[in-house]
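Thanks for coming. I will go through a few sites in one model, and you can follow along on the screen.

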Amino acid sequence: MASDSIMANRNGQESVSLNGEPVVKRPRDSVEPDLSLRALKEPQNKVTVVLGAQWGDEGKGKVVDLLAMDADIVCRCQGGNNAGHTVVVDSVEYDFHLLPSGVLNKKATSFIGNGVVIHLPGLFEEAEKNLNKGKGLQGWEERLKISDRAHIVFNFHQAVDGIQEQQRQQQEGKNLGTTKKGIGPAYSSKAARNGLRVCDLVSDFKVFEDKFRMLAEHFLTMYPNLNVDVDGELKQLKEFAERLRPLVTDGVYFMHKALTGPSKKILVEGANAALLDIDFGTYPFVTSSNCTVGGVCTGLGVPPSYVGRVYGVVKAYTTRVGVGAFPTEQDSVRNRGAVTMWLVGPDLGSIRPHGQRIALTKLDILDTLPEIKVGVAYKVDGEPLPSFPANMDVLTRVSVDYQTLPGWRCSTESARSFEELPSQAQNYIRFIEDFLQVPVKWVGVGKSRESMIKLF
C-alpha cells in the first residue's frame, strides 16, 4: 500500500499519507517570508574582554577594575579559585579568586559562567574575608549570578590534586606545580561526564546525594588512600545549596538577554593566561581550561560575533609561578619581581590572535635597572624558531637573542600621562608596540587603578 501511495503521488494524482488519509498541502504563497531575518544584523551589545597574555600575575585585576567602573555586567568565563586578581580601592587591597573583580561595582551585575569550576567553601570564605577588609563587597549576594551549568569542585577533588602531584614527583621526578585547588580533577570529572553541576545541587538533593556518593566512590577506587568524609561534605553542601539557590540562573538565557536586550556594557575578565591555556600554553605545565579568547565563547555561551574589544594584559617583564621551562630567567630582576625573566617577544605571539590592545603593567618594577633586555627570537641549535614551540623539550633547549635598551633609573610611580614618563620608558613602550604590531592602550606604574596611564 505504501509503495502504491507514493507512485500515485508521482503520477500527479492526489497525495495520500501512509495511512491512506489525504495530505493537506499549505499553499506556497500563503505566508510572506520575513526577508529582514536574512539580513546580517550587527550585534546589539558586544563583550569587552581582558585576558592575561603571559603566565598569569600580569595585573589583570587593575585593568578589570578600571573598566568595571562603568560596566553593567562583569563576567568570569573559566578557571576556578586557582586564579587570583588583586584590586586596590581606597587603599584597601581586595583579593578575588572566584568572584569577578567587578563585584566591587555596586551598580553592576557579576556573573560566574558555565566554564568556571566552583569550590563552594572557597567562594563563601573568599566573600567573608573581603567583607572584613572594607565596605567594597557589601551586598555582594544581591548582585551576583551563577550559571546553573557551572561544575562544582569538591573537597575530594582537592585531595586528589595533591595526591596526583605527589605521584608525579615520585614517578617522574617533577610535578606540574598546580595550586592543589582541585581544578584539574574537577575539569577531568566534567570531561568524563560524571561531574556534578550547580543545577544538580539546587534541585532534588536526594538525587544529588546519590550521584555525589557514586563520584566519591569512583575516586576512592582510583586512589585507595584518599581520605573522603562523604557524610560531612554532604551536610556542608546541603547548607550551601540554600545560600546558593537565590544566586543561580540559567546562564545561557542570562547572557542571551544581556547581549540582545537594551544597550549594556559587558565586561569579561579572563583568569590565568595565554601561556597557561590547556591548548595553546606550555603543555603539560598549564591550567585545565581555555584562558585565551575562545574560552569566552564556550565559558559563557557568547557567539563569536558578539566578542568586541579584546585587551591583552602584559607585565613590563615576565614572571612564572610553578614548574616549566623558563629560558630567560634573570636573577638581577628577582629582587623586585619574584621569579623573573626579561620580556620575550615570541612568548607574546598570543597577543596577535587574542588581543587587539595591550595593557602594559608594572612598568615601575624596572625603574632601578640601568638597562633592559628584550628577547626578540628563540633559536635551537643555532637555527631561529619561527614561532613559540609546542614541545616543551624543545623550549628547554632554546637560546635567546636579545635587544638591549637603556633603562631610565628614576621613579615612574607619580607619572599620570605618557609625556610624564622618562624618554627611555617611552621608547621601551614604543619598542613593544613596534615588535608586536599591537598598540599599548594603558601603562601601569603602581597598584591602584589611578596608576593606569591611558595612552589613547
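Leaving aside neighbours within four places in sequence, which residues is D57 in contact with? They are K315, T319 and K362, where contact means heavy atoms within 4.5 Å.

Before going on, the basis. This is a predicted model, in which local features need pLDDT of at least 70, side-chain atom pairs count only at pLDDT 80 or more, and totals for chains, interfaces and linings use all residues. Residues are numbered from 1 along each chain as its sequence is written, and side-chain values use heavy atoms, with hydrogens and water left out.

Back to D57. D57 sits in the loop between β1 (47-52) and α2; helices (H or I, at least four residues) and strands (E, at least two) are DSSP runs, numbered from the N terminus. D57 is partly exposed, at 46% relative accessible area. The cut-offs are under 20% for buried, over 50% for exposed and partly exposed in between, with a 1.4 Å probe and protein chains only.

UniProt, in an unreviewed entry, lists D57, H85 and K190 as "active site". Such annotations may be inferred rather than shown by experiment; positions are in the numbering used here, and feature names are shortened.

H85 lies in strand β3, residues 85-89. H85 counts as buried because its relative accessibility is 6%. Its contacts beyond four places in sequence include K60 and G61. Both K60 and G61 are among the buried residues of α2, and that helix, residues 60-68, has eight of its nine residues buried.

Last, R309, in strand β11 (residues 307-315). R309 touches V47, T48, V49, Q356 and R357, not counting residues up to four places away in sequence. Its C-alpha atom is 8.6 Å from that of V50, 259 residues away along the chain.
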